[in-house]
Amino acid sequence: MNRTELQGKKVLVFGSGISGIGAVKLLEAVQACVVLYDGNEKLDRNDIAGKLPEGSTCEIILGELPGEVLSTLDLVVMSPGVPLDIPAVQKLKDAGIPVWGEVELAYRMGAGTVLAITGTNGKTTTTALLGEIMKAYAESVFVVGNIGNAYTGASLEMKDDSYTVAEISSFQLESTHTFKPEVSAILNITEDHLNRHHTMEEYIRVNVLDLLCDDHFLYDRLGTADEADTHTCREHLGVGSGVNDDPVLVHRLDGRDLLSGKAELAVGVVLEDEHAV
């Protein structure tokens, strides 16, 4: 956490929806100079301005992004609804401007322990349940993300002893860089959102390879052996690109495999197996 790293920086927020407005509020709270941009020139500028905090100095740009603005930017924060492969975003990348997602921004400005939930189905239910469990355990708990509470809206309230339960979609994961939850759960991965990710391989990559844990992970699946065994991440994940061969240990107990370990890719999931926790 470094809540002063964006102080005085010029940051463009791409997208004027709920996530974009939340990012603007957070950025202005940490004293960044903010530009809110939306490619839809038909939007009502006054309506957008009315959603910003009172006294906001955020500049609003609709339609074409002027070149003179692009050349002054230090950072771009993407709303999850904006695809990363459209020409306007590619132009920003080509200019060498760092591109973060709203989750990356919220994570960097937040504090405490993060528990992330992703997958194709069941995210909201699991996030809500885990949130209630954590509220019974700790005093400072935030339930955020795709569940409907903007992660950026809670970041500055988080403390070192806080727990954040975050529902994270593939749209949010694809623009993260340092986002490393202490615990990650990938519930399932089935064919979805291919209009955004184009291929199933890319959808899997975003959900799995972009959600890395710093600490131990756990995956429970049906098994038959009663002894421990060692496998590589590649053998268990069934994904080629970007998965290393670091060993992970499968503890077999009462006919069930408990996969745990610490590796560069520390997510507990076997894509072809439906018995995930």
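Visitor: Which strands does helix H1 lie across, and at about what angle does H1 run to S2?

Guide: In this predicted model, H1 lies across S1, S2 and S4. Its direction is at about 170° to that of S2, on a scale of angles that runs from 0 to 180 degrees between N-to-C directions.

Visitor: In what order do the strands of the sheet stand, and what makes the sheet open?

Guide: Five strands form the open sheet, in the order S3-S2-S1-S4-S5, with parallel pairing. Strand S3 (59-62) and strand S5 (99-101) stand at the edges with a single partner strand each, so one side of each is left without a neighbour in the sheet. On average, and with direction ignored, neighbouring strands are turned by 25° against each other.

Visitor: How do you know that S4 and S5 are paired?

Guide: Pairing requires at least two bridges between two strands. Three bridges join strand S4 (residues 75-78) to S5, so the two strands count as a pair. Val76 stands opposite Val99 in S5. Helix H5 (residues 102-109) lies across S4 and S5, at about 80° to S5.

Visitor: Why is the pair of Phe14 and Tyr37 called edge-to-face?

Guide: Two rings pair if their centres lie within 6.5 Å, and planes over 60 degrees apart count as edge-to-face. For Phe14 and Tyr37 the values are 5.0 Å centre to centre and 85° between the planes, so the pair is edge-to-face. Phe14 lies in strand S1 (residues 10-14) and Tyr37 in strand S2, so the pair ties together parts that are 23 residues apart in sequence.

Visitor: Are Phe14 and Tyr37 buried or exposed?

Guide: Buried means under 20% relative accessible area. Phe14 has 6% and Tyr37 has 6%, so both count as buried.

Visitor: What makes the pair of Tyr137 and Tyr163 edge-to-face?

Guide: The ring centres of Tyr137 and Tyr163 are 5.7 Å apart and the planes stand at 75°, so this pair is edge-to-face. Tyr137 belongs to helix H6 (residues 123-137) and Tyr163 to strand S8 (residues 163-167), 26 residues apart. Tyr137 is exposed, with a relative accessible area of 59%.

Visitor: Why is Thr127 called buried?

Guide: Thr127, in helix H6, has 0% relative accessibility. The limit for buried is under 20%, so Thr127 counts as buried. Residues that Thr127 touches include Ile117, Val143 and Val165.

Terms used: Residues numbered from 1 in each chain as written. Predicted model: local features only at pLDDT ≥ 70, side-chain atom pairs only at ≥ 80, totals over all residues. Heavy atoms only, no water. Phe/Tyr/Trp six-rings, centres within 6.5 Å; stacked < 30°, edge-to-face > 60°. Helix = DSSP H or I, 4+ residues; strand = E, 2+ residues; numbered from the N terminus. Buried < 20%, exposed > 50% of the residue type's maximum accessible area, 1.4 Å probe, protein only. Contact = heavy atoms within 4.5 Å. Lists of a residue's contacts leave out its neighbours within four places in sequence.
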